[in-house]
Amino acid sequence: MIKISKFFNQDGNQKMKKTLPLVPLRDMVLFPHMTTSVFVGRDKSVKALSEAMAADKRIFLTTQKDPEVLKPNIQDIFQVGTEAKITQLLRLPDGTVKALVEGSARGKILKLIDEEGFLAVDYEAVAEIPIIEEASEAAMRTVFEAFQNYANLSGVVSKSFFKGLEGLLDQTSRYADTIASQLPFKVGEKQELLECGDIEKRFFLLLKLIQKETEVFSMSQKIKGRVKDQMEKLQKKHYLNEQMRAIKKEMGEDGGPGEFADLEKKIKQKRMSREASGVVRKELDKLKMMSPMSSEATVVRNYIDWLIALPWFRKNRAKIDLKKAESILDRDHFGLEKPKERILEYLAVQILVKKIKGPILCLVGPPGVGKTSLARSVASATGRAFARISLGGVRDEAEIRGHRRTYVGAMPGKIIQTLKKTGYNNPVFCLDEIDKMTSDFRGDPSSALLEALDPEQNKNFNDHYLEVDYDLSEILFITTANTLYDIPAPLRDRMEIIQIPGYTEYEKEHIATGFLVPKQLRETGLDDSDAVFSKKAIRSIIKQYTREAGVRNLEREISSVLRKIATQIVKTDKRTRHQISTTMVLKYLGQPKFRDSGLEKEDKAGIVTGLAWTQAGGQLLTIEAVTMPGKGRVMVTGKLGEVMKESSQAAVSYVRSRSKILGIREDFYKDTDIHIHVPEGAIPKDGPSAGIAMCTAVVSILTDKPVSRTVAMTGEITLRGRVLPIGGLKEKLLAAHANGIKRVIVSVENEKDVREIPKSIQKQLEIVFVDDMSQVLTHALV
């Protein structure tokens, strides 16, 4: 079937219209002058080929836009195709037809005709715009060089093809089509070349596509090369591993199965939680499937070793003897009655109940008072193992809860690591310096401790490395801190706070005599026959060479004295008894580092002895007041804090409001300035407890009545003259006694705190309880 007729287009130009049977192509584009094989299976396409063979063997071929469409219409095919001649037709056994076709010219479809049993099209030839002669040679040469570069890289183009191109140098359109047919362009790109009638534009488009294809091919070759190298390395490694395994087997040194058998034996013997037992067996099965030399096998093996090494159910079975525990605590520590009392309560309850959740005790106190050593003594008294980790400077959450196994060099957290070292799951666990933890971009370690220190949650503590629950509820956690303020509130809520105050001079004297001197004698190679400290010498070291809450510096100074004695013994080679007095202390330790606060030599107006609390214990505080002509200003000096300055203002306001009753001129404030000073101005001071002392000093200087130098006082004052209670009374009263004070004035509300004072000191001190400022003045003024 072929028809040829003439028609006029919209521009009025005469055109030639042809009608030929249509075969839609899938996933291929046929260029003019190219020969290719086409496999046809659809009935209409087979009938179209038969019609063409019955006529002059010409057929029209165009490409489908979507190859999945079975019955295409005019919208499903590209409008530009190729007129072709069938040179050979072969029917295959499966019913399909193989046709060898040769393209002859481009054609543009005008109309799709559905004949009986096949499709036909009316089409017109695509007019080509020739390239000018000057540009044709440059275009062909440029495209040829790009094509030759691609051919050299890919190696898929034969040398005979290049010889054939030499005969097409005078046919620019065919030259471009011939090269395009040899390249693996996409269907859409080939169709774009087919539809391009402007030959110069076709060359530009062809050059662009060749360059793109060259880059893609180069990149794919690089990727294939990398993959090939990697595969070769892996295969080589696997081959060598198998060879090593075979050699070991021949030599009778096959470590694989024997090692696994040893692991299985350990797992069977180890008592674990059900969850951990299931996990460790799965990991062992996984390990058996891996190459022993692989990095992942090392990670799995380390994980199994950690699970086996942990003390899941191993406990100390020591029997608790309450009297023995009490004697151990008393032996190791003088004082600290409240902490020791709380620990004995815990032990007593454990004896009765048999099992109890480990409490979380937090010992808060200044450095050197024995917090960590108390935790060690608790372990000794309870017959448990002792474990300790320092949290000072810890800022990474993973330090507490471990790293996940996906990280290189991952390990469990400090709690699990320490339990492995200890070997028991119910030790006394000391978390030292819990207030020194900090947080940064790596997380907040204090938040990670919440689960470990919560008695309701730590039965199922989950370390990131283990990823199985571990029971921490049998552990007796004891935490230590210097200040309560720096511990986060949620963490503080989970702990029982036990305040450990600084030691008094009375307690330091006993500790030095009973603990420190014997210890330092042993450590310096001396004994009781070589050196003996007098009580005055010990007291001199405490007062004049140390000023601290604990006893660390006291121990250092005692050690310094004994080292000098040891040096003398070694030099003279004679061991004689050294009686260490205050004179010897001065000789060995040099001039005193601290001035002993002493009393005034006589009673004077405007000078009052107050009492202050410091971390190093109680201390006398001298408060002075003077008056001078002026305009009623009140000056307060001595490096005082805001609270203490406000107390001085309250004291002056009270005096002004009671001036008539106190016998003071009512308008004194108009022409008199008052200056209140607290000596030792380099030391910061703050707090409200000097209120009544300041008020007494002001009244004394305004009435010119002296204050008894053997009277000391402490208490906060209100504007109406009421005396309020203060803290640290024990330390203050001991300081008053040590410095020769006979009478101490305190608030009546502090009467309950006097029970903590030793009876011997209570007998030597007259403690006056007051509730109003008028009573203070009655007992203080001479």
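Are W312 and Y470 buried or exposed? W312 is buried, and Y470 is buried as well, where buried stands for under 20% relative accessible area, exposed for over 50% and partly exposed for what falls in between (1.4 Å probe, protein chains only). The model is a predicted one, in which local features need pLDDT of at least 70 and side-chain atom pairs count only at pLDDT 80 or more, while totals for chains, interfaces and linings use all residues. Residues are numbered from 1 along each chain as its sequence is written, and side-chain values use heavy atoms, with hydrogens and water left out.

The structure holds six aromatic pairs; rings of Phe, Tyr and Trp (its six-membered ring) pair if their centres lie within 6.5 Å, and planes under 30 degrees apart count as stacked, over 60 as edge-to-face and the rest as tilted. One of the pairs joins Y303 and Y465, whose ring centres are 5.8 Å apart with planes at 70 degrees, so this pair is edge-to-face. Y303 belongs to helix α9 (residues 295–309), while Y465 sits in the loop between β11 (461–462) and β12 (469–470), 162 residues apart. Helices (H or I, at least four residues) and strands (E, at least two) are DSSP runs, numbered from the N terminus. Both Y303 and Y465 are buried. W312 and Y470 form a tilted pair, at 4.9 Å centre to centre and 50 degrees between the planes. Because W312 lies in the loop between α9 and α10 (322–332) and Y470 in strand β12, this pair ties together parts that are 158 residues apart in sequence.

Next comes the sheet. Five strands form an open sheet in the order β9-β10-β13-β8-β14, with parallel pairing; two strands pair if DSSP finds at least two bridges between them. At the edges stand β9 (386–390) and β14 (496–499), each with a single partner strand, so one side of each has no neighbour in the sheet. From one strand to the next, the twist averages 20 degrees. Strands β10 (residues 428–432) and β13 (residues 476–481) run parallel and are joined by four bridges. C430 has I478 as its bridge partner in β13.

Helix α6 (residues 199–250) contains T214, which counts as buried because its relative accessibility is 9%. A polar atom of the T214 side chain lies 2.8 Å from the backbone oxygen of I210. Apart from neighbours within four places in sequence, T214 is in contact (heavy atoms within 4.5 Å) with A146, N149, Y150 and L153.

Terms used
Polar contact = N/O pair within 3.5 Å; in protein donor to acceptor, adjacent residues only side chain to side chain. Axes fitted to C-alpha atoms, helices over the stretch in contact; angles between N-to-C directions.
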